[in-house]
Amino acid sequence: MTTAARRHEIYVVRRRQHFELFCEQCAAVAKFVTIDDAVLFSGFATREIVGLVEAGKLHFLETSGGHLFICRKSLAANQSAELTEGNAFQTT
Ligand SMILES: [Zn+2]
């Protein structure tokens, strides 16, 4: 008889809530949101958010289970960059 050990990671984040933690890249306390909320706040697609994280353009925290939380200051900075570059309102 074998016993399988299972690890579960449980976190509960109520919709539209954020929490504040120290962001090392901002060198300040910042609001962190889930990827879902980052999508809602920014209008970026989930894939774009992940791409920005992988490119090092978004500040994030990753739990031991692989869940990401995004720093809203870095999210806002990337939204501004996108607007400045004129990519946000393509009409083609
Ligand atoms: Zn930050």
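Which residues of the largest nonpolar core touch the most other members? I noted that the model is predicted, that local features need pLDDT of at least 70, that side-chain atom pairs count only at pLDDT 80 or more, and that totals for chains, interfaces and linings use all residues. Residues are numbered from 1 along each chain as its sequence is written.

Core. I found 13 residues in the largest nonpolar core, and Phe-32, Ile-49, Leu-58, Ile-70 and Cys-71 touch the most other members. Strand 2 (28-34), helix 2 (46-54) and strand 4 (68-71) are the elements that give two or more residues to this core. A nonpolar core is here a set of buried Ala, Val, Leu, Ile, Met, Phe, Trp, Tyr and Cys residues joined through C-beta atoms within 7 Å. I then listed the contacts of Ile-49 (C-beta atoms, placed from the backbone, within 7 Å). Beyond four places away in sequence, Ile-49 touches Ile-35, Ala-38, Val-39, Phe-44, Leu-58 and Ile-70.

Fold. I read the order of elements as β-β-α-α-β-β-α, with three helices and four strands in total. Helices (H or I, at least four residues) and strands (E, at least two) are DSSP runs, numbered from the N terminus. Of the 92 residues, 20% are buried (20 or more other C-beta atoms within 10 Å; exposed means 12 or fewer, partly exposed in between).

Glu-20. I located Glu-20 in strand 1 (residues 19-23). Glu-20 is exposed because 10 other C-beta atoms lie within 10 Å. Its C-alpha is 4.4 Å from that of Lys-31, eleven residues apart in sequence.

Methods
Two residues are in contact if their C-beta atoms, placed from the backbone, lie within 7 Å.
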